[in-house]
Amino acid sequence: PKVVYVHADGTERTLDVKEGQSVMAAAVLNGVPGIVGECGGELMCATCHVYVVSPETDGPASDEEDEMLNFAACPRRANSRLSCQLAVGPDSEFVVRTPEAQN
Ligand code: FES
């Protein structure tokens, strides 16, 4: 599985990610800028906000995630998700855009 992180300045980074890892955890472990993940994936911070470019649908956000997204530093859009809640599946290929700021 792979995740492509596209940054606000147009640069991007592609990671090979372990199945089951979250898009947030992979970024933090590999020093990818633009995702902070302050709470460690507990749905308490919204500093892992991303805009999902693909896949187009990755299921709806849970009620808790939906609520926490309102606290993201950058504007919430239709494709906003908290990347700690995006688990990478065996054949996943995520492309996510990181927002300009996380806090
Ligand atoms: Fe805190 Fe995702 S890491 S909500």
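Which residue in β4 is the bridge partner of His49? The legends below take this up along the way.

View 1. Welcome to a predicted model, in which local features need pLDDT of at least 70, side-chain atom pairs count only at pLDDT 80 or more, and totals for chains, interfaces and linings use all residues. Residues are numbered from 1 along each chain as its sequence is written. Strands (E, at least two residues) and helices (H or I, at least four) are DSSP runs numbered from the N terminus, and two strands pair if DSSP finds at least two bridges between them.

**View 2. β1 and β2 make a hairpin.** Here β1 (residues 2–6) and β2 (residues 12–16) pair in the antiparallel sense over 5 bridges. Look for Tyr5, whose bridge partner in β2 is Arg13, and for Val6, which stands opposite Glu12. The hairpin has 5 residues between its strands, and Gly10 in the turn has a positive phi of about 95°.

**View 3. β1 has a covered face and an uncovered one.** Val3 and Tyr5 make up the covered face, while Lys2, Val4 and Val6 make up the uncovered one. In a regular strand, side chains alternate between the two faces of the sheet. β1 also pairs with β5 (residues 93–97), in the parallel sense over 5 bridges, and there Val3 has Phe94 as its bridge partner.

View 4. The bridge partner of His49 in β4 is Leu82, which settles the opening question. A cis peptide bond, with omega about 0°, joins Ser54 to Pro55, and Pro55 is in the loop between β3 and α2 (63–69).

**View 5. The largest nonpolar core has 22 residues.** Such a core is a set of buried Ala, Val, Leu, Ile, Met, Phe, Trp, Tyr and Cys residues joined through C-beta atoms within 7 Å. Val3, Val23, Met24, Ala26, Ala27, Phe94 and Val96 have the most contacts inside this core. At least two residues each come from β1, α1 (23–29), β3 and β5, and the largest share, 5 residues, comes from α1. Leaving aside neighbours within four places in sequence, Ala27 is in contact (C-beta atoms, placed from the backbone, within 7 Å) with Tyr5, Val32, Ile35 and Ser83.

**View 6. Leu43 and Ala46 lie in the loop between α1 and β3.** Most residues other than glycine have a negative phi. Leu43, however, has a positive phi near 60°, and Ala46 has a positive phi of about 65°. Are these residues buried or exposed? Leu43 counts as partly exposed because it has 16 C-beta neighbours inside 10 Å, whereas Ala46, with 24, counts as buried. A residue is buried if 20 or more other C-beta atoms lie within 10 Å of its own, exposed if 12 or fewer, and partly exposed in between, with C-beta atoms placed from the backbone.

How values were computed: Contact = placed C-beta atoms within 7 Å.
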